[in-house]
Amino acid sequence: MDYVLAFVTGGAICALVQLLMEKTKLMPGRIMVILVIAGAILGAVGVYEPFAKWAKAGATVPLTGFGNLLYQGVKQAGGT
């Protein structure tokens with residue numbers, strides 16, 4: 001069941017990004033930066049960690065998970 005949940009969650013994130021790519025004129029690099037920043041902001045607010053525990057790899061593998069990891073590293077280093 002964990003695999004199905006991760007697949008559906010990661011697929012939903014990818015589908016949202018695909019819609020963003022098709023409906024806007026944003027370049028893929030800018031969309032990737034938006035995803036990383038969104039993950040960092042959601043991590044700072046405290047929303048991403050419970051979401052990642054629930055969705056497992058479906059939330060940690062996309063670029064939003066990388067943004068959250070960046071925030072966690074800064075937090076551990078004493079940046080915030």
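**Reading an aromatic cluster**

Q: Is Phe 51 buried, exposed or partly exposed, and what value shows this?
A: In this predicted model, Phe 51 is partly exposed, with a relative accessible area of 28%.

Q: Which class does Tyr 48 belong to, buried or exposed?
A: Tyr 48 has a relative accessible area of 2% and is therefore buried, since buried means under 20%.

Q: How many aromatic pairs does a search of the whole structure find?
A: The search finds 2 aromatic pairs. One of them joins Tyr 48 and Phe 51, with 5.8 Å from centre to centre and 70° between the planes. An angle over 60 degrees counts as edge-to-face, and this pair is accordingly described as edge-to-face.

Q: Where do Tyr 48 and Phe 51 lie?
A: Both belong to helix H3, which covers residues 48–55. They are 3 residues apart, about one turn of the helix.

Q: Which residues form the aromatic cluster?
A: Tyr 48, Phe 51 and Trp 54 together make up one cluster.

Q: What joins the side chains of Thr 64 and Tyr 48?
A: The two side chains are joined by a polar contact of 2.8 Å. Thr 64 is part of helix H5, residues 63–76, and counts as buried at 9% relative accessibility.

Q: Which residues does Thr 64 touch, not counting residues up to four places away in sequence?
A: With that exclusion, Thr 64 touches Ile 13, Leu 35, Gly 39, Tyr 48 and Ala 59.

Note on methods:
Residues numbered from 1 in each chain as written. Predicted model: local features only at pLDDT ≥ 70, side-chain atom pairs only at ≥ 80, totals over all residues. Heavy atoms only, no water. Phe/Tyr/Trp six-rings, centres within 6.5 Å; stacked < 30°, edge-to-face > 60°. Helix = DSSP H or I, 4+ residues; strand = E, 2+ residues; numbered from the N terminus. Buried < 20%, exposed > 50% of the residue type's maximum accessible area, 1.4 Å probe, protein only. Polar contact = N/O pair within 3.5 Å; in protein donor to acceptor, adjacent residues only side chain to side chain. Contact = heavy atoms within 4.5 Å.
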